[in-house]
Amino acid sequence: MTAGGSRYLKEPFDPHDQRLETVERIMSLQFTQVERRLERIEAMIEGLERRLWMTVYGVVAVILTQAVQGVLDYVPK
């Protein structure tokens, strides 16, 4: 063969290798996007969990306050 010319004359062309590389790149991008979405969902869940615990603590505080007020009403003055 000559020194110049197309590389495809020297190297065999295999479309399956290119297809495999393309599929691997696409899957890599898709997994990256899924990981980002999962991280956002986890962050949202953590925020929701914090709000839920604050609500629970608030309800408990109200109940305890009412209980203490009820006890103070029955204490002789």
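Is Tyr57 buried or exposed? Tyr57 is exposed, with a relative accessible area of 53%. Here buried means under 20% relative accessible area, exposed over 50%, and partly exposed in between (1.4 Å probe, protein chains only).

## The model

This is a predicted model: local features need pLDDT of at least 70, side-chain atom pairs count only at pLDDT 80 or more, and totals for chains, interfaces and linings use all residues. Residues are numbered from 1 along each chain as its sequence is written, and side-chain values use heavy atoms, leaving out hydrogens and water.

## Overall fold

The protein chain has two helices and zero strands. Both are DSSP runs, numbered from the N terminus (helices: H or I, at least four residues; strands: E, at least two). Of the 77 residues in the protein chain, 1% are buried.

## An aromatic pair

Trp53 and Tyr57 both lie in helix α2. They sit four residues apart, about one turn of the helix. Trp53 is partly exposed, at 44% relative accessible area.

The count comes to one aromatic pair. Trp53 and Tyr57 form this tilted pair, 5.9 Å centre to centre with 35° between the planes. The rule takes rings of Phe, Tyr and Trp (its six-membered ring) with centres within 6.5 Å; planes under 30 degrees apart are stacked, over 60 edge-to-face, and the rest tilted.

## Leu64

Leu64 lies in helix α2, which covers residues 15–74. Leu64 is exposed, with a relative accessible area of 52%. Glu35 is found in helix α2 as well.
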